[in-house]
Amino acid sequence: MSTQQDNSFQAIIAHAKEYGFVFPSSEIYDGLSAVYDYGPYGSELKKNIRDYWWKSMTQLHENIVGIDAAIFMHPTTWKASGHVDNFNDPMIDNKDSNKRYRVDHLIEAHAAKLEENGQTKEAETLLQEMDALLAKDDFAGLKNLIESHKIVCAISGTCNWTDVRQFNLMFDTKLGSVTDEADTIYLRPETAQGIFVNFLNVQKTARMKIPFGIAQTGKAFRNEIVARQFIFRMREFEQMEMQFFVRPGTEGEWYKYWKQARLQWHLSLGIPAEKYRYHDHVKLAHYAKEACDIEFEFPFGFKEVEGIHSRSDFDLTQHQLYSKKKMQYFDADINVATGKPYGNYIPYVIETSIGLDRMFLLIMAHAYEEETITKEDGSTDSRVIMHIPEKIAPIKLAILPLTKKDGLPEIARDLMDECKNYFRCFYEEKDAIGKRYRRQDAIGTPFCVTIDHQTKEDNTVTIRYRDSMQQERILLSQVKDIVTNAIF
Ligand code: ATP
């Protein structure tokens with residue numbers, strides 16, 4: 001990360017804390033590594049992002065329904081899914097500092113440094129070599145690559161490395177009071193398996209016909225070894241996942257469809273397309289047929305925010321094998337090639353999986369701006385403004401009586417009563433109006449309405465727009481509709 005990038009990232013983290021978006025977990029005890037709490041505006045923003053995703057998946061797709069599965073699942077789930085045996089990251093320890101690194105992160109950081117020094121070709125070759133070795137699980141080769149490039153530990157500065165080893169990322173705990181091996185259960189590392197084990201329950205009760213999807217949002221837990229970059233990589237985080245069940249042979253076209261549809265969802269929030277790119281996977285997960293990431297340009301470079309995976313019939317087949325329960329679907333549609341129904345089969349699956357916290361960070365990074373304002377007299381002022389898309393802003397409308405007297409608070413309260421059922425409003429009568437505007441800019445409130453003495457005469461108010469700072473006089477009776485139109 002360049003110094004400038006680092007500064008802007010640090011500024012976002014500081015702003016998130018100062019304005020009640022994100023706090024370190026149990027901060028009074030010095031925090032807990034890679035665990036965070038969301039404050040008053042953060043929890044609103046997070047909920048709004050979740051709702052926006054949920055609506056786009058379920059309400060806007062007749063063939064997608066939701067579930068809310070438990071975090072704890074039968075331990076065999078994770079044997080069947082492959083997580084017990086395969087959910088590992090290759091790690092390497094520096095023998096002098098005892099610091100542990102994820103191998104891909106260590107090499108990627110070195111490649112980023114090469115690129116900063118103008119050695120773009122070398123950086124590209126290094127990443128290609130790494131991808132090839134990762135794809136073959138060639139751990140000795142990875143260690144060789146690190147040593148031959150003289151990649152050093154940031155703390156000790158030495159190249160004294162252990163062998164590359166695998167570490168499982170699942171947290172385990174015990175069920176009940178007995179503490180023998182048999183009672184070990186896991187905190188789910190992804191929400192997807194809750195969908196797979198409920199596949200037939202959902203298909204039958206909601207009478208779904210293929211192709212159809214099941215959506216879910218919820219907490220997931222991973223014992224990330226390298227846990228830094230604020231809420232980008234957490235040990236407890238939330239996912240928004242959708243598994244789309246399709247007829248075998250159609251997975252290629254559905255993969256393309258969801259790859260495109262998910263990027264459109266991101267763009268529908270008004271975030272510029274050049275901030276996004278796809279990254280097609282070379283090393284596929286143990287279940288994947290085809291996979292890509294949607295990457296966003298965070299202050300520390302392009303990084304994954306969402307994964308689209310063509311998972312074949314891997315998960316349902318595995319659950320059928322381990323549970324000995326049929327996971328088949330009966331497809332009564334006529335296959336034109338044979339003139340007969342498609343019959344029984346295990347569906348193929350396209351997964352879309354996005355981290356809610358990572359999406360939250362994306363919004364914060366996109367929204368944050370330190371703006372210098374030149375006033376009419378030539379002097380300058382500055383403000384921090386959060387350009388949070390209107391649809392998901394924590395507060396939609398601030399209602400600000402100019403003074404605390406002369407009946408202005410009463411009019412403001414009436415407007416509050418009119419609007420608060422429809423969207424989140426904020427009422428404030430303290431401090432100079434300019435100061436109040438600045439505070440709303442800092443939490444990303446798109447509209448402020450000021451009630452002044454003229455309001456009493458002609459029922460008009462001043463509406464002030466966050467991004468342009470433009471102000472105009474409108475009728476009090478128009479306020480609710482203006483805000484409503486902007487947020488849907
Ligand atoms: P990464 O390569 O960054 O570790 P991943 O490929 O393991 O991510 P997936 O298993 O595909 O991630 O999970 C889907 C999504 O869940 C990711 O795109 C990301 O947004 C989110 N996610 C995964 N791990 C974390 C984490 N530790 N903290 C926050 N979000 C996460």
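**Briefing: charges, burial and salt bridges**

Lys420 is exposed, with a relative accessible area of 51%. (Exposed means over 50% relative accessible area, buried under 20%, and partly exposed in between, with a 1.4 Å probe and protein chains only.) Asp417 is the salt-bridge partner of Lys420, with the closest N and O atoms 3.3 Å apart. (A salt bridge puts a side-chain nitrogen of Lys or Arg within 4 Å of a carboxyl oxygen of Asp or Glu.) Asp417 is partly exposed, at 48%.

The model is predicted: local features need pLDDT of at least 70, side-chain atom pairs count only at pLDDT 80 or more, and totals for chains, interfaces and linings use all residues. Residues are numbered from 1 along each chain as its sequence is written, and side-chain values use heavy atoms, with hydrogens and water left out.

**Overall build**

- The protein has 16 helices and 23 strands. These are DSSP runs, numbered from the N terminus: helices are H or I with at least four residues, strands are E with at least two.
- Its C-alpha atoms fill a box of roughly 75 × 65 × 50 Å along the principal axes.
- Of the 488 residues, 50% are buried.
- Take the contacts between residues at least 6 apart in sequence: 64% of them join residues at least 24 apart. Contact means heavy atoms within 4.5 Å.
- The accessible surface is about 23,500 Å², and carbon and sulfur atoms account for 49% of it. Areas come from the Shrake-Rupley method with a 1.4 Å probe; for residues, only the protein chains shown count as cover.

**Charge and the negative patch**

- There are 60 positive and 72 negative side chains, and the centres of the two sets lie 3 Å apart. Lys and Arg count as positive, Asp and Glu as negative; His and the chain ends are not counted. Each charge is placed at NZ of Lys, CZ of Arg, CG of Asp or CD of Glu.
- Glu410, Asp414, Glu418 and Asp481 form a negative surface patch. Patch residues have over 30% relative accessible area and no salt bridge; like charges are joined within 9 Å, and nonpolar side chains (Val, Leu, Ile, Met, Phe, Trp, Tyr) within 5 Å.
- Helix H13 (residues 408-419) gives the most to this patch, with three residues.
- Asp414 sits in helix H13 and is exposed, at 54%.

**Salt bridges**

- The structure holds 38 salt bridges.
- Glu27 and Lys17 pair at 2.7 Å, N to O. Glu27 lies in the loop between strand E1 (22-24) and strand E2 (36-38) and Lys17 in helix H1 (residues 3-18), so the pair ties together parts that are ten residues apart in sequence.
- Both ends are partly exposed: Glu27 at 37% and Lys17 at 36%.
- Glu238 and Lys46 pair at 3.3 Å, N to O. Glu238 is in strand E10 (residues 236-246) and Lys46 in helix H2 (residues 40-59), so this bridge ties together parts that are 192 residues apart in sequence. Both Glu238 and Lys46 are buried.

**Buried helix residues**

- In helix H14 (residues 433-443), Arg436, Tyr437, Gln440, Asp441, Ala442 and Ile443 are buried.
- Ile443 has 4% relative accessibility. Beyond its neighbours within four places in sequence, Ile443 contacts Tyr19, Phe21, Tyr41, Met386, Ile388, Pro394 and Ile395.
- Gly444 follows H14, with a positive phi near 85°.
- Lys259 lies in helix H10 (residues 251-267) and is buried, at 18%. Not counting residues up to four places away in sequence, Lys259 touches Tyr278, Asp280, Cys292, Ile294 and Ile308.
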